[in-house]
Amino acid sequence: MLKYSLRRIPSALLVLVAGSVLIFVLLRLVPGDPASMLAGPDASPEALTTLRNDLGLNGSQIGQYFAWIGGILTLDPGRSLILGGDIGTLLRDAVGNTLILSGTALVLAVVVALVASTVSVIVDRGWLNSVVTAFGTVAVAIPNFVTGAILVVLFGVVWMVLPAGGIPRRGFGDDLGITAQYLILPACCLALPIAAALTRFLTESLRSRLTEPYVTTARALGIGRARIVLTQVLPNALPATVTVLGIQIGHLLGGAVLVEAIFAWPGLGYLIERAISSRDYPVVQVLLLLSVGLFVIVQLLTDLVNAWLDPRIRLEGKP
């Protein structure tokens with residue numbers, strides 16, 4: 001397992017380097033001078049010169065790139081010129097909030113997918129299969145911003161049983177009951193499309209594996225359908241499902257931008273929306289690189305989990 005992990009690290013680092021170069025180049029292809037846009041039309045030449053120095057825009061492009069990467073590697077990503085404060089401080093607060101929301105949504109999506117898929121395959125009733133299929137179709141078809149608006153109106157305005165947005169004033173660890181109330185609506189909004197996609201894929205994967213010869217042998221030995229599904233079919237269907245889950249986590253991180261804006265959740269999505277709208281280029285640059293890094297880490301962890309579930313992957317050295 002260690003050798004397989006070491007083989008995966010170089011490709012992950014290569015993606016990070018390529019992503020950083022692409023982000024650096026694309027932001028500098030945006031029309032207009034960032035310093036002039038940030039300073040305003042009435043800024044003096046001295047103010048523009050000072051701002052360009054703060055942004056690191058003086059010097060060669062290669063020198064600017066290595067200065068930026070050097071700051072990232074030394075945990076000094078710079079300062080925000082519009083939002084204010086150190087970028088590292090902004091990121092620490094936002095990352096913690098996003099991880100709590102995304103982690104809750106991910107756990108909820110996985111639990112719903114596992115329960116819905118296994119129950120529908122074990123029970124194997126037409127009406128239940130129709131319900132699961134309808135749930136998947138509706139949850140995938142409706143965008144996050146529509147689902148979020150509906151949840152806010154119903155539970156935060158009409159019935160007023162849950163907070164319509166924000167986070168607990170005293171922090172997430174002060175009162176778990178209060179924390180759960182703030183998490184329910186945004187976590188459900190973020191989890192629904194992920195749960196629907198996983199449910200559909202896992203259900204089809206389980207049904208296809210029920211036709212395998214080892215299942216026929218198990219039935220001939222008198223083993224019950226539920227035991228076959230849970231102990232034999234489900235473990236064999238998990239590696240492919242984990243791969244799909246890794247892809248869905250990327251969609252989850254992207255969906256967090258809209259969900260955090262709808263529910264005023266001060267996470268990475270909310271921060272990047274504020275940074276882009278205010279043209280805070282230093283913050284945008286770091287946030288884009290962080291997004292690439294998170295996606296690379298997720299894909300690396302997905303490959304490692306697949307290798308752990310299926311020894312053939314690490315023995316053959318295939319991704």
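The legends below describe several close-up views of a predicted model. Residues are numbered from 1 along each chain as its sequence is written, and side-chain values use heavy atoms, with hydrogens and water left out. Because the model is predicted, local features need pLDDT of at least 70 and side-chain atom pairs count only at pLDDT 80 or more, whereas totals for chains, interfaces and linings use all residues.

View 1. Cysteine 188 is partly exposed at 28% relative accessibility, while cysteine 189 is buried at 0%; buried means under 20% relative accessible area, exposed over 50%, and partly exposed in between, with a 1.4 Å probe and protein chains only.

**View 2. Helix 8 (residues 176-209) crosses helix 10 (residues 225-262).** Their axes come within 9 Å and cross at roughly 155 degrees, which makes helix 8 roughly antiparallel to helix 10 (angles under 35 degrees count as roughly parallel, over 145 as roughly antiparallel, 65 to 115 as roughly perpendicular and the rest as oblique). The axes are lines fitted to C-alpha atoms over the stretch in contact, and angles run from 0 to 180 degrees between N-to-C directions. By class, this contact has 18 nonpolar, six polar and one charged residues, where Ala, Val, Leu, Ile, Met, Phe, Trp, Tyr, Cys and Pro count as nonpolar, Asp, Glu, Lys and Arg as charged, and the others, Gly among them, as polar.

View 3. Over residues 182-202 the chain is 100% helix and 0% strand, with the end C-alpha atoms 30 Å apart; helices (H or I, at least four residues) and strands (E, at least two) are DSSP runs, numbered from the N terminus.

**View 4. Leucine 75 and aspartate 124 each have a positive phi.** Most residues other than glycine have a negative phi. Leucine 75, with a phi of about 60 degrees, lies in the loop between helix 4 (61-73) and helix 5 (87-123) and is exposed, with a relative accessible area of 76%. Aspartate 124, with a phi near 55 degrees, is placed in the loop between helix 5 and helix 6 (126-141) and is partly exposed at 36%.
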